[in-house]
There are 2 protein chains.
Amino acid sequence: MAAQRLVVIGGDAAGMSAASQARRFRGPEELEIIAFERGHFSSYSACGIPYWVGGQVQDRDALIARTPAEHRERGIGLRTRTEVTEIDVARGRVRARDLESGTEGWTSYDQLVIATGARPAVPRVPGIGAPEVHGVQTLDDGQALLDTLAAVPGRRAVVVGAGYIGVEMAEALLNRGFEVTVLNRGEQPMSTLDPDMGRLVHTAMDGLGITTVNGAEVTAVLTGPDGRVRAVRAREADGERAYPADVVVLGTGVEPHTTLARAAGLPLGASGGLLTDRAMRVRGHENVYAGGDCVEVLDLVSGRERYVPLGTHANKHGQIIGANIGGGYATFPGVVGTAVSKVCDLEIARTGLREKDAAAVGLRFVTVTVESTGRAGYYPGAAPMTVKMLAELRTGRLLGVQIVGRDGAAKRVDVAAVALTAGMTVEAMTALDLGYAPPFSPVWDPILIAARKAVAAVREAAG
Amino acid sequence: MAAQRLVVIGGDAAGMSAASQARRFRGPEELEIIAFERGHFSSYSACGIPYWVGGQVQDRDALIARTPAEHRERGIGLRTRTEVTEIDVARGRVRARDLESGTEGWTSYDQLVIATGARPAVPRVPGIGAPEVHGVQTLDDGQALLDTLAAVPGRRAVVVGAGYIGVEMAEALLNRGFEVTVLNRGEQPMSTLDPDMGRLVHTAMDGLGITTVNGAEVTAVLTGPDGRVRAVRAREADGERAYPADVVVLGTGVEPHTTLARAAGLPLGASGGLLTDRAMRVRGHENVYAGGDCVEVLDLVSGRERYVPLGTHANKHGQIIGANIGGGYATFPGVVGTAVSKVCDLEIARTGLREKDAAAVGLRFVTVTVESTGRAGYYPGAAPMTVKMLAELRTGRLLGVQIVGRDGAAKRVDVAAVALTAGMTVEAMTALDLGYAPPFSPVWDPILIAARKAVAAVREAAG
């Protein structure tokens, strides 16, 4: 009998990283680990689902880093198809239901990890429950969508939402031979970018044959007498319109899946995510940790809590939680808001604050936008790249960078992510010793060109 | 008549950037600008020459950012085919010879920019002057090599030296259909990397069909009775050997071209490069600036002066010199030693200190090496990437990173370059918010994986 019991709710990145890391620190004789997962799978790459649906990744199992059986071999008592229905913080126990048998019971814990992830923000409109309407959060979702794609007679797909998931799914459906229409509530696709940069994405999507409708608020999914999807209706500035559809994919973004935490009285932030301290302990609860897509994180640039559901953070959280439970010491300092994505060969990246984020925390700033290329202009394959940079007035501190371009555009944002973390000024950035060779960069890297222009803008604004 | 005269020696990156920037600040009525260039061309990308020779860049003129005529239109009195033969610092004048007419005369200056660049470190061996032996420093060199490649009857090429120029020229000659042998004096190719990382480059070059001979010191270029190259002889550990050759390319690295500066009594460093202050003024000379491949720069990691001839630094130097001459204020803080290159699809990158550099300045450190991929393992095209990281003992400060891999390997080094500039510890690096999406990175970026391993190594070494 182990001295202590760790219970983990959620069998994906944060939860299972925490369990695995705790296990590395402490053996089964010291720490029993029980993990509950509602679905069939564990430790998989949800971010990989669009590429599996799109056919670049052939095999679903390639997305699985570690199967339930592999976790069990490592001494983690993972119970799949088991849903936690209640957290009883006062008595240190959770209630779980076996989804196959329906049996339900309490399991006590000494330490708890809440890693319940995110759920799609599903529009509450008529017809949304039709069988050809799919979210893509889990492997089960992905399989269901693939089954629909194989079964539907037509080739018209409507994607609701034009964020990361929306544009990635638009590419996936295009690759599967569908005509794709993206219905976007916002002014431009990719609302994680400023609209001027989102417009570049829109233009590129047009070029790829993806129809994007901006300012379109979905009001209903229309079904036929057989119950099958026929169209998606949306309200636009000039009235309502119906977009014929054989399949509908929800790329409407996600929200923290914190129903249990809320019911248990745990502290939630403005986005509905759990609030933790730097060691990823739920605030005010010494033995309850939370991480991954169900928590809010500190934005190091704005100084505010934000909701940033990303696999890379979830994995870091899991490692940190596991180390702390295991008796080590680790903390998560926060994020700067880096995200990269692509639609076909168009690369999209951002880090730090958008204009509206900076304004929201009272920062005054300049913005500059430069056009450059990812390689020396004369080198084959050199393609345009647009870099937008925000810098604080007077101090010249870097506040954010957005990039839209082709080969080599996305990961260039990492330079800005490190500079943001270090609190660099754009003037200091102009001297950065970045790698240069004609196949990889113009002699002035686009980031350096933007920084130089930002320096001039800061100086000019100072008068 | 302008109030002041600026004289620039050298018509490439540093010199013409300085001239152009100074012109932006001050018009012709305030500042006369005269620039002397020995060759036919101005403001070209010497780094692009291997790709022109290799055929990826079809047109020589694509490498020229601004022609002499364009400079003249902008009010810069550029005199090509004119060689400066003496600098008279005491009287503020330079002597120049028109290489066509042979006429020579003095030109006085109020401010001087020395941008004489680098010259190949040519091995002093018999036969080195044969017509099929080529350096690749200038466009004139590149054209001469292309003429030779078109004229020689055989297809055997020997490249002397396995640094950046050597490996890039090996690729270029391979692309032109030559059998390529690289004679390398060192233990492994790419001596700018530690030998364990150089070995990876060696293996990859083998795979490309490039023969690399390590530990080979060239002793002679052998010519036939017609004076044409037949072979290159090299001394190796087990004796001398001759490598048949129709053409020989010198990739033996370069040295600062500071003959004039030395004769003028200007201060030179251990590598023979000019020593400047942060404003790029030659030390002790208020009105003499120097930049580009003829100066030494401060290495921010070791705290020592180093010789780092790279176009990206030359351009920065030129901008800074021009701003200072123009009445602005700008400084060059130094470098961290970033360099990227490729041989076919193998990408090679480094920044900061190698093991021997760190040891040379008395630093004690740990090294770790990790294997990862540039994309999520399941994403098409994911290829191995090796990252080596050096961190200081006790403090855990990052000291250097070397990367060898495929798609996306080289520019990843920029993350480390910024971290070095910011003086980050490897522990701080583990929390960096780097861009993640399956086409661009595993969920743990290879740099993060290396940083995590380095943290463990620092801790372990502390006992």
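Predicted model: local features only at pLDDT ≥ 70, side-chain atom pairs only at ≥ 80, totals over all residues.
Residues are numbered from 1 along each chain as its sequence is written, and chains are lettered from A and ligands numbered from 1 in the order in which they are written.

Along the principal axes, the C-alpha atoms of chain A fill a box of roughly 70 × 60 × 40 Å. The radius of gyration of chain A is 23 Å, in agreement with the value near 23 Å for a compact globule of 463 residues; this quantity is taken over C-alpha atoms, and the globule rule is 2.2 Å times the number of residues to the power 0.38. Of the 463 residues in chain A, 57% are buried, a residue being buried if 20 or more other C-beta atoms lie within 10 Å of its own, exposed if 12 or fewer, and partly exposed in between, with C-beta atoms placed from the backbone. Among the contacts in chain A with a separation of 6 or more, 64% join residues 24 or more positions apart, two residues being in contact if their C-beta atoms, placed from the backbone, lie within 7 Å.

Helix α8 of chain A (residues 311-325) has 15 residues and reaches 21 Å from its first C-alpha to its last, close to the expected 21 Å, the expected span being 1.5 Å times one less than the number of residues. Of the 15 residues of α8(A), 15 are buried, and the helix is followed by G327(A), which has a positive phi near 100 degrees. The axes of α8(A) and of helix α1 of chain A (residues 13-25) come within 7 Å and cross at roughly 30 degrees; axes are lines fitted to C-alpha atoms, for helices over the stretch in contact, and angles run from 0 to 180 degrees between N-to-C directions. The two helices, α1(A) and α8(A), are therefore roughly parallel to each other, since angles under 35 degrees count as roughly parallel, over 145 as roughly antiparallel, 65 to 115 as roughly perpendicular and the rest as oblique. Residues that make this contact include A14(A), A18(A), Q21(A) and F25(A) of α1(A), and A314(A), H317(A), I321(A) and A323(A) of α8(A).

Within α8(A), residue A323(A) is buried, with 20 other C-beta atoms within 10 Å. Leaving aside residues up to four places away in sequence, A323(A) touches Q21(A), F25(A), G328(A), Y329(A) and A330(A). The C-alpha atom of A323(A) is separated by 9.2 Å from that of R23(A), although these residues are 300 residues apart along the chain.

Helix α10 of chain A (residues 413-421) is also mostly covered, nine of its nine residues being buried. These buried residues pack against β21 (339-343), β22 (346-352), β25 (398-405), α11 (426-430) and α12 (446-462) of chain A, together with α10 of chain B. G423(A), with a positive phi near 70 degrees, follows α10(A).

In chain B, helix α5 (residues 164-175) has 12 residues and reaches 17 Å from its first C-alpha to its last, close to the expected 16 Å. Of the 12 residues of α5(B), 10 are buried, and what covers them includes α2 (49-54), β10 (156-160), β11 (179-183), α6 (195-208), β16 (247-250) and β21 of chain B. α5(B) is followed by G177(B), whose phi is positive, near 85 degrees.

Most residues other than glycine have a negative phi. S43(A), which is not a glycine, has a positive phi of about 45 degrees; S43(A) is placed in the loop between β2 (31-36) and α2 (49-54) of chain A and counts as buried, with 24 C-beta neighbours inside 10 Å. R81(B), likewise not a glycine, has a positive phi of about 50 degrees. R81(B) lies in the loop between β3 (77-79) and β4 (82-88) of chain B and is partly exposed, with 15 other C-beta atoms within 10 Å.

Definitions and conventions:
Helix = DSSP H or I, 4+ residues; strand = E, 2+ residues; numbered from the N terminus.
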